[in-house]
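Welcome, and thanks for opening the viewer. Let's walk through this structure one selection at a time.

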Amino acid sequence: MEENQTLASRARGHFLRVAAAVSIRAQALFVRARAVCARTRAYLQSCSPWRRRLLIALGSAGAGSALLLLYLLLLIPFTPGISDLRHARAAQATTLVSADGKELASFEQGVQEHVTLAQISPLVVSALIATEDHRFYQHHGVDIRRVGGAMLASLKGDAQGGSTITQQLARNMFPEEIGRSRNLNRKLKELITALKIELTFSKTEILEAYLNTVPFLYNSFGIEMAARTYFDKPAAKLDILESATLVGMLKGTNYYNPVGNPERSLQRRNVVLGQMRKHELLTERRYRELLKRPLRVHFSRQSERSPTDTHFTAHVRKWLIEWADENDYNLQRDGLVVHTTLDFTLQQAAMRAVERQGNALQAVADAEWSRPGLSASTSTGAYAWMRDGAAPFEYFWQSHPALADAIVRESPEYRRALDGGEAAADALKRMKADRPFIAQLRAAKSRLEAGFVAIDPANGQLRAWVGSRDFHRGQFDHVEQAQRQPGSTFKPFVYGAALEKGLLPERPYRDAVLDIKAADGSIWRPTDMSGTSGQQMTMRDGLVYSKNTITAQVMQDVGLPGIAKLARGLGIRDSKLAMVPSLALGTSPVTLLEMVNAYASIAAQGEYRKPVFVTHITDRHGKTVASFDAEAPQRAMSAESAVTLIDMMRGVVNRGTGAGVRYRFGIQGDVAGKTGTTQNNTDGWFILMHPNLVAGAWVGFNDARVTMRSDYWGQGGHNALLLVGDFFKSAIDGGKIGRDAIFPGGRRPAPLPQPEAEPDEVVEEPGELQQEGAPAPAPAAPDLGGEPPAATEAVEAPRAEGA
């Protein structure tokens, strides 16, 4: 005990002696410093004013330089080392994941191709050095003269960049290590890394690395992909104007984008040419001549498809590329994780439904159009063996000779032949004799297509999205891009507007053909091909049985403005709605996404929610870098009217044109929906609302001149319904949506008895809306996913459907 106290006492004594010594030393240094300061002050007082100011400035500069040098030395360990430069860490691609964490796609196979400097036009290198770093071959990574000039210009209010090509390469190679913030710390790290790069690589290697890493928008990285994207040629073949245009973009890819901002791009291109003239890379005459040349861009977005891509991931990619460009992220390197709303299990169920039922319906179309006689079967299975040994669509092309010639004339091959000087008749004859070409052309035209989308009505989140039967066969999206006549699926907006106006579901109307006078004086006469009874029918049954005659009268009571306003409020916000009487019967083309979103608004008791497809984005370490909160819902119709409309649409599924979803697929829950069929069986629609999910499908051919043959299989209740029913059966059986979920004011329906035979259905037939006294509307152009063909064959003006 005493020994411990003795040791402690000795330690305290030693500490006090050391402290006293340090204190004395500090006092001595302080006295010496004061003496130095006093002598310095006295010396400065003895100097003339101008000499005094000069000495103070030099001293301040020296002290500042010393501090800056010390800070630079401290930063060196925090910048990439030589080994990092030689073996740059592997880039981590951005990935898209589903709501349940499954990877959907990635940017690993991005649009980037490394090329050597010998594979790049020398004009690119000349334009780059003249514009970005004309002393590139004289400095060692940092151009002190240029930095000083930039600082002076900035002090005068003309902010300029002083970064060399090597410094820009440092940013491109190590964006995270150097940082993105515009501050002194980043610039110093950039400077240190640039010096290391110059010690490690030759000037040729630096130019090559820079030109292969610089971003050029549209997810294109490097000069090779930029050349292909903006001029549809390799980098080796870029001419002086094209080289100047791409180099000009480096100052601000968005701002000087030749596709989005051609005028700015042209001005910037000319600035680059001016720099080349200034550094004597162009003669004055050549420079003046080039200034007059227009900006010629041949934009061609480069394919970035991966085996796991779908129309949904393509939709997200398109949005994400713009977001990344605006927020300075590299989708190939930064390792972002994009969290989407897609439910992986539901997406798989949707893809299986589209594939399975799409193939079955293709067999129906192939078999029915293979021979003159029309087979009659209500089972898709019967058509599979009918197609065996038959020539699909043979009778269709025999019975439509004008169309058979028209599709040849509309082909790119035919147009190229005419551009090459071949006579039209000779080209047509030659191509018709080319059997493989004709077979390929006709097969594409006779391929049945489909679109499917599902939305959670509670939050507007997209849960499943299938844009076609085969994404890798055709990227045209029948969910978001294709605008088709919705037919009777539009009618709920008519009846919803009536409810909003105070009309009751049991309001009676007479099932009879009536004349409707339009605003332009023309007379419209709605009919149903199944005929009219002349009897009274309630507004509810008008919707259940999809009667044109009743719908037209409801439209008259409500007025077109009220119908259009409700449709817009619920979700038809991009497609144009023609303010003509046939609008009520679904003749204005819309997208499937708009229609399903509008039905989701009805299912949400009249509240519109903008579709949501991404919730948030995290970095490679799991840190959230961006969140996308859903917009506040907007009241589009009263909750009372929405509940009543849902109840009316229950009738469509229980006893109307959509009853097949119950007896074919055993869907027993509280569901409501609507079918749709357009004139000549061109488009088939079905949208089904469940309290937890709303899903819809469209079925048809890309070219609207090709249709299903029989009225039975041309109905939405017999084609699109199969896709939706198949999907919902999988979703319910898999527990993804509740069997017992009930809409407000609803009740779980009693189980349906299993019929011994297929029950009689309410037949959904395309109807007519005859017009007199005014020109008929122009025919809808075929929906080809690209440019419509030339009108070489008279096509009957579309008439509204009546189912």
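Start in β18, where H690 has L693 as its bridge partner. Before moving on, please note that this is a predicted model, in which local features need pLDDT of at least 70 and side-chain atom pairs count only at pLDDT 80 or more, while totals for chains, interfaces and linings use all residues. Residues are numbered from 1 along each chain as its sequence is written, and side-chain values use heavy atoms, with hydrogens and water left out.

Now select residues 683-690 (β17) and 693-701 (β18): these strands run antiparallel and are joined by eight bridges. Strands here are DSSP E runs of at least two residues, helices are H or I runs of at least four, and both are numbered from the N terminus; two strands pair if DSSP finds at least two bridges between them.

Widen the view to the open sheet of five strands, ordered β7-β6-β18-β17-β16 with antiparallel pairing. At its edges stand β7 (462-466) and β16 (672-677), each with a single partner strand, so one side of each has no neighbour in the sheet. Contact means heavy atoms within 4.5 Å; axes are lines fitted to C-alpha atoms, for helices over the stretch in contact, and angles run from 0 to 180 degrees between N-to-C directions.

Next, select α18 (residues 401-409) and α20 (residues 424-432), which pack at about 105° with their axes 10 Å apart. The two helices are therefore roughly perpendicular (65 to 115 degrees). Show D405, V408 and R409 of α18 with L428, M431 and K432 of α20, the residues that make the contact.

Which residues does L282 touch, leaving aside its neighbours within four places in sequence? Select I240, L273, M276, R277 and L290 to see them.

Finish with the aromatic rings, which form 22 pairs in the whole structure (centres within 6.5 Å). Y383 and W713 have ring centres 6.0 Å apart and planes at 90°, so the pair is edge-to-face (over 60 degrees). Y383 sits in helix α16 (residues 381-387) and W713 in the loop between β18 and α29 (720-733), 330 residues apart. Last, select W369, F393, Y395, F396, W397 and F701, which ring pairs link into a cluster.

Conventions: Parallel < 35°, antiparallel > 145°, perpendicular 65-115°, else oblique. Phe/Tyr/Trp six-rings, centres within 6.5 Å; stacked < 30°, edge-to-face > 60°.
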